[in-house]
Each structure stands twice: as structure tokens, then as C-alpha cells.
Amino acid sequence: MYASREDIGYDFGDDSKVGSKPIKPNPNIDGGWAWMIVLSSFLVHILIMGSQMALGILNMEWLEEFNQSRGLTAWVSSLSMGITLIVGPFIGLFISMCGCRTTAIIGGILNALGWILSAYASNVHYLFLTFGVTAGIGSGMVYLPAVVMVGQYFQNRRALAQGLSTTGTGFGAFLMTALLKYLCTEFGWRNAVFIQGAISLNLCVCGALMRPLSPKELREKYVVGNDSEENQAKALSQSTETIKSNGVLGEEPEKKEEAANEEVLDSVQHIEIGGKSGSGRSMYGLRLFKTVSQLTVTVRKGFALWYSSYFGAASLFTNRVFVAFIIWALFAYSSFVIPFIHLPEIVKQYKLSRQDNVFPLTSIIAIVHIFGKVILGIISDLPCISTWNVFLMANFTLVTCILTLPLMQTYIGLAVVCALIGFSSGYFSLMPVVTEDLVGTKHLANAYGIIICANGISALFGPPFAGWIYDITQKYDFSFYIAGLLYMVGIIFLLIQPCIQKKQSREKSTEEAQV
């Protein structure tokens, strides 16, 4: 979705171009500095995704501080979480022009700035801009390069590397929940947010570790690497956090456009050489014009790659099953996000804060989620098991838990349901495989980019909707019921559309046979 084929570490295969001359493997591919990239990505997952999963703590503080409705206050958290995913395709434009390292460092500064400025908030609307928009865009600018760089540095061990890096989400949710709860108790939420902003500056360090591979190193990677389609397919079956940022920015620019761009720069250079005898002011103007021209060419190339990738995939929407998959994504992710935002307050209403302080329910979801991704991935890889069936069963389990959660009013009951939510939401690791089955390998990256944008929209509107329902009914029960029913509608679309498509295929085959 956000990177070139080299960026995502995925080669569509052209073995005919591989020469017979042996090339010495690059020590930084599948080893060496590559493990520093994994460490950097792991820390990014902790600081970004982990912090977002712990926002329920701050949501309670903001409700008490500003005395606004739950629906309005929930927009702060949902803006940050939703924008992180929604801006992904647009961040790909920055990566194509500036590279992963520069994009990540700028994003780290923006993210930290959003946290720090939020400490001085006078109202919820101020937080919309600082925490929701500023920190959200910064998170997207760091999160995407963190995933892309792992794909660049790994060929044969890509699955292991991506798996290790994305476990930072679960660990981060556990650690950040405890950290924010402690900081809010000891120093107040404003100082806690300020401290968290200072901690987020470490994202710049993570970005600095993202040393780009040279073109020569990239060539060595694909010549030496294993190009079998089976290994490539397995490499794509990573967790949803990984694939959120995986995609194709587009094909090479057209040769005519490149020639035109080069002519512009050459003409500027000739003018500059011919004008050396001119005044200093004229030379300064020529150099400025040359710089602007080069920047314009870079922007045009990057935009052409970005536009051809995302808006050139319109044929995907002729696939009815894929459209049903998008509808499912619009409802599914909010059911996973809503508990993280509103569970802390539900626990407080049920007077279960003492037990929740010992082991928070959101931490239970985060930890079990790690095991769920691994176990469901292993099960789906078994030759006698259908990945589609595992995916649907996990979805049915999750929607059942969402509908059941309001019925639980004891800590043990809530803990069991939260554990099941964490485990069943491990189906995120199966989403790239299901998407590939629907659209094929050629359109996988772009299709997944669209799915993740739909997830971002779901995360954006889910928590505020739940808070708005509470403001009307004075209960969270209906929030979970409605979210669960909408989720069920998305699952029904997944069930109906494949059946319709199979029926149409059989009818078409019958007509062709009769002709």
C-alpha cells in the first residue's frame, strides 16, 4: 500500500534476469544491521500502537477534566487511532520522495509535539488538533517506515522478522497501560502526557536507525534471495499491523516524462554555465530556479508513482466479494477498538477498579492477542484447514464476545471475555492471505491498502459512536450491542457474496457448455 516492491520485500519474480555469476551475499540482508531494524520496528510498535491501545486511561481523565459528553471526548482517541491508518497511502508519497529515515524522524517530532502540546489543553477541541491530528499524522509517518524497512532488510527470514517486530503492539499495550496509569496517579494527566511526549522523542532515534539500503545492496538481495512463490506467499501472511503498511506505490514513471524532466534540468544547467560571467544576483536566481526545478521533478515523480498505484486499481471494485470485504472492514475494527477506549470507565462503573489495577482488562486483551495471532496463523497453515474457515470462525467468536461483554459484571467474567476477544482478534494475521485469495497476488498490495483505510475509518467513528450511545441511554450495553450487530452485518456480507459469485460462475459455465 505504501511502498515499492523493494520496500515491502516482495519480488514478483523474474528469474530470467538473474545471471549465472555468483554474487557474495550482503551480510546486512537477513542478518547484521537487519536485526537493528527489527529492534527499531519493535520499539515503534510499543511507542505508537501500544500507546494508542492504552488511551482508555487518558479518556477517563479527560472526561473528569473537561466535563464533556462521552461521545465528544472519545473523538480525541479515535482521531489519533484512525488518522494513523487513514493517512497511510498519503505517507507513501513522502516515502517515495524523502525515504523512510527522513519520514520517520519528521513523524517522531510531530508525534512528540502532539503529546507535549496536549498537556496545555484548555478544552477537548484543542485536543482534537494536538493529540488527534498532529500526533495521529506523526504516528502514521513513523509506523509505516518501520514496517517497510523490515521488508527491505529481510529476504529468507522475513516472516520471523515481521513477527518479532509486530509483537511490540501487545507488549506496548501492556506496558503503556501500566505506565500511563502510574503517571496519571502520581503526577496528574497533564504531566503524564508531557512525559509521554518526551518518551515519544525516542521515535526519532528509531527513525535514525532505519539506514537505507543502497541500490547495489537491493540488487544483491534479490539475486541471492530465494525467489520461490511459495516462500513469497508465506512472507505475506503476517499480522495486520505489518500489512497495514505494506503495499506498492506504483510502477516506474513513463520514459517520456523522465525525458522531459531531464530536459528541464539540463536547460537550467546550460543557462547556469552560460551565465557565470553575470552578476552574483543573477547566479543566485539561477541556482534558486535550479533547486525549485529539481524539487518539482521529484514531487512529480513521487506523485505519479502514488497516483498510478492507488487510483489505478479501480478494477478491484468490480470484484463483488472484495467490495463485501471492504464493508466488513468498515464495521469490524471498531469492535476491537471500542473495548480499549471504554473498558476502563466500565470497570469504574462496576466498582472493579481494585481488581483492574492489579491486572487491567485491556492488558489481558493485548497479551492474549499476541498468542492469538501466532496460534491462528499456525492452524491456518495446516494443509487440511481452510484459511477462510478459520478467518470466519475467529470473526464469529469475536462478535459473540462483543455481544456477550455487557452481560458480564464481575471481574472474572470480564477477564474471560476479554481473553477471548484478544485471541479471536488474532485473525488479523490471516487478513493478507484472505485478501490475496480474493484479488490475486498482482493486486494484493493495493487491495490491502484499501482494506486498511477502511479499518482506519472504522477506528475513527467507532469509539465516538459508542460514547454517543452512552450519552443517550446512560449505558454502555447498547454501544456493544449495536457495534456487534453492525459487525454481524459485515460478516453476513462475507458469507453471502462468495455464494452468489459461485452461483454466477456455475451458471456461466453451464451457458458456455450449452453453447
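Student: How many salt bridges are there by the rule used here?
Tutor: The count comes to 3 salt bridges. Keep in mind that this is a predicted model.

Student: OK, which residue does Glu64 form a salt bridge with?
Tutor: Glu64 pairs with Lys348, and their closest N and O atoms are 2.6 Å apart. That pair links distant parts of the chain, with Glu64 in helix 2 and Lys348 in helix 16, 284 residues apart.

Student: Is Glu64 buried or exposed?
Tutor: Glu64 is exposed, at a relative accessible area of 52%.

Student: What about Glu345, which residue is its salt-bridge partner?
Tutor: That would be Arg70, with the closest N and O atoms 2.6 Å apart. Here helix 16 supplies Glu345 and helix 3 supplies Arg70, and the two residues are 275 apart in the chain.

Student: Why does Glu345 count as buried?
Tutor: Because its relative accessibility is 7%, and buried means under 20%. Arg70 comes out at 23%, so it counts as partly exposed.

Student: Arg70 is in helix 3, then. What sits in the loop between helix 2 and helix 3?
Tutor: Asn67 lies there, between helix 2 (55-66) and helix 3 (70-86). Its phi is near 55°, a positive value in a residue other than glycine.

Student: Why point that out?
Tutor: Because most residues other than glycine have a negative phi. Asn67 is also exposed, with a relative accessible area of 68%.

Student: Where is Gln474, which has a positive phi too?
Tutor: Gln474 is in the loop between helix 22 (444-473) and helix 23 (477-514). Its phi is near 60°.

Student: Staying around helix 22, is Tyr470 buried or exposed?
Tutor: Tyr470, which is in helix 22, is buried, with a relative accessible area of 7%.

Student: What does Tyr470 touch?
Tutor: Leaving aside neighbours within four places in sequence, Tyr470 is in contact with Arg70, Gln349, Lys475, Tyr476 and Ser479. So Arg70 turns up again, as it is also the salt-bridge partner of Glu345.

Student: And how far is Tyr470 from Ser69?
Tutor: Their C-alpha atoms are separated by 9.0 Å, although the two residues are 401 apart along the chain.

Student: Let's zoom out. How many helices and strands does the chain have?
Tutor: There are 23 helices and 0 strands.

Student: What share of the residues is buried?
Tutor: Of the 515 residues, 53% count as buried.

Student: How about contacts between residues at least 6 apart in sequence?
Tutor: Among those, 86% join residues at least 24 apart.

Student: Which residues touch the most other members of the largest nonpolar core?
Tutor: Leu58, Trp328, Leu361, Phe391 and Tyr427 do, in a core of 117 residues. Helix 16 (residues 320-349) gives the largest share, 16 residues.

Student: Pick Phe391. What does it touch?
Tutor: Not counting residues up to four places away in sequence, Phe391 touches Phe325, Trp328, Tyr427, Leu430, Met431, Val434 and Leu494. Trp328 and Tyr427 are also among the residues that touch the most other core members.

Student: Which residues make the nonpolar surface patch?
Tutor: Phe371, Val374, Ile375, Ile378, Ile379, Leu382, Ile385 and Phe423 make a patch of about 660 Å².

Student: And which helix gives the most to that patch?
Tutor: Helix 18 (residues 361-381) does, with 5 residues. Phe371 is found in that helix.

Definitions and conventions. Residues are numbered from 1 along each chain as its sequence is written. This is a predicted model: local features need pLDDT of at least 70, side-chain atom pairs count only at pLDDT 80 or more; totals for chains, interfaces and linings use all residues. Side-chain values use heavy atoms; hydrogens and water are left out. Patches are made of residues with over 30% relative accessible area and no salt bridge: like charges are joined within 9 Å, nonpolar side chains (Val, Leu, Ile, Met, Phe, Trp, Tyr) within 5 Å. Accessible areas come from the Shrake-Rupley method with a 1.4 Å probe; for residues, only the protein chains shown count as cover. A salt bridge is a side-chain nitrogen of Lys or Arg within 4 Å of a carboxyl oxygen of Asp or Glu. Helices (H or I, at least four residues) and strands (E, at least two) are DSSP runs, numbered from the N terminus. A nonpolar core is a set of buried Ala, Val, Leu, Ile, Met, Phe, Trp, Tyr and Cys residues joined through side-chain atoms within 4.5 Å. Buried means under 20% relative accessible area, exposed over 50%, partly exposed in between (1.4 Å probe, protein chains only). Contact means heavy atoms within 4.5 Å.
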